[in-house]
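Open the model in your viewer and keep the sequence panel beside it. This tour goes stop by stop: what to select, then what is there.

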Amino acid sequence: MFGIIEFVCWVAVVALAAAFLLGLAVKWHWLEWLQIHAPNDFFGQLFNCKFCCSWWVSVVISLTLCVATGQWVLLAVPVCSTVITRELW
């Protein structure tokens, strides 16, 4: 059984992990390198958008957690955690 409290906790964990990873990517200039070496304009704009980066990092973390735990409801976590990640980062 997957309760609302557990879902909110997973949202918080994913948001904090994504914000940490994105902050690390900025500190170590990975995001800047991706912006400069983007294969086309679409990816260049994607790596310049805080919301887009937050969304995709949250999706990757949620997919990893979904596979590890077997809880398919974790696929809905990025919808809630993206805005939190964008504000934390």
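Buried means under 20% relative accessible area, exposed means over 50%, and partly exposed is in between, with a 1.4 Å probe and protein chains only. By that scale, 31% of the 89 residues of the protein chain count as buried.

The model is predicted: local features need pLDDT of at least 70, side-chain atom pairs count only at pLDDT 80 or more, and totals for chains, interfaces and linings use all residues. Residues are numbered from 1 along each chain as its sequence is written, and side-chain values use heavy atoms, with hydrogens and water left out.

**Stop 1: the whole chain**

Show the cartoon. The protein chain has five helices and zero strands. Helices (H or I, at least four residues) and strands (E, at least two) are DSSP runs, numbered from the N terminus. Read from the N terminus, the order is α-α-α-α-α. Along its principal axes, the C-alpha trace spans about 45 × 20 × 20 Å.

**Stop 2: the largest nonpolar core**

A nonpolar core is a set of buried Ala, Val, Leu, Ile, Met, Phe, Trp, Tyr and Cys residues joined through side-chain atoms within 4.5 Å. Select Phe7, Val11, Val14, Ala18, Ile61, Leu65, Cys66, Leu74 and Val77: these nine residues form the largest one. Helix H1 (4-27) and H4 are the elements that give two or more residues to this core. H1 supplies the largest share, four residues.

Center on Leu65. Leaving aside neighbours within four places in sequence, Leu65 is in contact with Trp10, Val14, Gly70 and Leu74. Another core, of seven residues, lies apart from the largest one; Ala25, Phe47, Cys53 and Trp89 are among its members.

**Stop 3**

Select Ser58, in helix H4. Is Ser58 buried or exposed? Its relative accessible area is 0%, so Ser58 is buried. Beyond neighbours within four places in sequence, Ser58 is in contact with Val14, Ala18, Pro78, Ser81, Thr82 and Thr85.

Step along to Ser62, also found in helix H4. Ser62 has 1% relative accessibility and therefore counts as buried. With neighbours within four places in sequence left out, Ser62 is in contact with Val14, Leu74, Val77 and Pro78.

**Stop 3: helix H3**

Select residues 41-48, helix H3. Which residues of H3 are buried? They are Gly44, Leu46 and Phe47. Look down the axis of H3: these buried residues fall within an arc of 160°, so they line one face of the helix. The arc is taken from the directions from the helix axis to the C-beta atoms. The buried residues of H3 pack against helix H2 (30-36) and helix H4 (50-69).

Then move to the N-terminal end of H3, which Asn40 caps: a side-chain oxygen lies 3.2 Å from the backbone nitrogen of Phe42.

**Stop 4: a loop residue**

Go to His29, in the loop between H1 and H2. Check its backbone: phi is positive, about 65°, although His29 is not a glycine.

**Stop 5: cysteines**

Select Cys66, which is buried at 3% relative accessible area. Its sulfur is 15 Å from the closest cysteine sulfur, in Cys80, too far for a bond. Now pick Cys52: at 23% relative accessibility, Cys52 counts as partly exposed.

**Stop 7**

Val83 is partly exposed, with a relative accessible area of 41%. Draw a distance to Ser54, 29 residues apart along the chain: the C-alpha atoms are separated by 7.8 Å.

Last, show Arg86 and Glu87. They form a salt bridge, with the closest N and O atoms 3.4 Å apart. The term needs a side-chain nitrogen of Lys or Arg within 4 Å of a carboxyl oxygen of Asp or Glu. A search of the whole structure finds one. Arg86 is partly exposed at 30% relative accessible area, and Glu87 counts as exposed at 56%.

Definitions and conventions:
Contact means heavy atoms within 4.5 Å. A polar contact is a pair of N or O atoms within 3.5 Å; within protein, one must be able to donate a hydrogen and the other to accept it, and residues adjacent in sequence count only if both atoms are side-chain atoms. A disulfide is a pair of cysteine sulfur atoms within 2.5 Å.
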